[in-house]
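Please open the model in your viewer and keep the sequence panel beside it, so that each selection can be followed in both.

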Amino acid sequence: MADSMELLPSLWEGSYSCPNELPQTLQMNIPLQQPGDVVVSANLSFGGTILTARGSFFNHHLTISGHPNPNDRNITNIILSGDQQVKNLTYMIGDVILKVSKEERKCPFTLNMKKCKY
C-alpha cells in the first residue's frame, strides 16, 4: 500500500470555473509514479484541451504545468496548483491558472478521485 504522502495512480474528475464563465469539466490522470518520487506527470483534459503536464507532489500539495497546442483557445501555459485534503485523500481543491496571451486567469477547481491502483 502506498504512503498517504504519495499521489497514487488514479483518475481524478471534477470541474473548474473561470470568472464570468460556466463551469467546465476537468480530468487528471496520474500514471504510476516511483514510490517516494516528488516529480509527477499527469494527463489533463479540460474544455476540449488535452495535454501532458509535469510538476511535483509533496506534503499533499500538487503543482503541475504544461503547454497546450497553440491552437487551443490561445492558451500559452496552464498551471494546476491544488491541495489533497489530509482527512479525505480522494478530494483535491485548488486553482487552474490559464495564461492566455499576456493575461492570466485564475479558475478554482475541485477534483474527486475516481479509481486507484494499489
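Residues are numbered from 1 along each chain as its sequence is written, and side-chain values use heavy atoms, with hydrogens and water left out.

Begin by colouring by pLDDT, the predictor's confidence in each residue, from 0 to 100. The protein averages 82, and 85% of the residues score at least 70. Among the elements, β1 has the highest mean pLDDT (91) and β3 the lowest (83); strands here are DSSP runs of E with at least two residues, numbered from the N terminus. Where pLDDT is low, the predicted coordinates should not be read in detail.

Next, select Tyr-16, Met-28, Leu-44, Phe-46, Leu-62, Leu-80 and Leu-98, which touch the most other members of the largest nonpolar core, a set of 27 residues. Such a core consists of buried Ala, Val, Leu, Ile, Met, Phe, Trp, Tyr and Cys residues joined through side-chain atoms within 4.5 Å, where buried means under 20% relative accessible area and exposed over 50%, with partly exposed in between (1.4 Å probe, protein chains only). At least two residues of this core come from each of β1 (10–16), β2 (24–30), β3 (39–46), β4 (49–58), β5 (61–66), β6, β7 (88–100) and β8 (103–116).

Now select Cys-18 and Cys-107, which are joined by a disulfide with an S to S distance of 2.0 Å; the criterion is a pair of cysteine sulfur atoms within 2.5 Å, and the count comes to one. The pair links distant parts of the chain, 89 residues apart, with Cys-18 in the loop between β1 and β2 and Cys-107 in strand β8. Both cysteines are buried. Because the torsion about the S-S bond of Cys-18 and Cys-107 is about 90 degrees, the disulfide is right-handed.

Move to Asn-77, in strand β6 (residues 75–85). Is Asn-77 buried or exposed? With a relative accessible area of 13%, Asn-77 is buried. Its side chain makes a polar contact (N or O atoms within 3.5 Å, one able to donate a hydrogen and the other to accept it) with the side chain of His-67, at 3.5 Å.

Finish at Leu-32, in the loop between β2 and β3, which is exposed, with a relative accessible area of 73%. The C-alpha atoms of Leu-32 and Ala-42 are separated by 9.8 Å, the two residues being 10 residues apart along the chain.

How values were computed:
This is a predicted model: local features need pLDDT of at least 70, side-chain atom pairs count only at pLDDT 80 or more; totals for chains, interfaces and linings use all residues. Helices (H or I, at least four residues) and strands (E, at least two) are DSSP runs, numbered from the N terminus.
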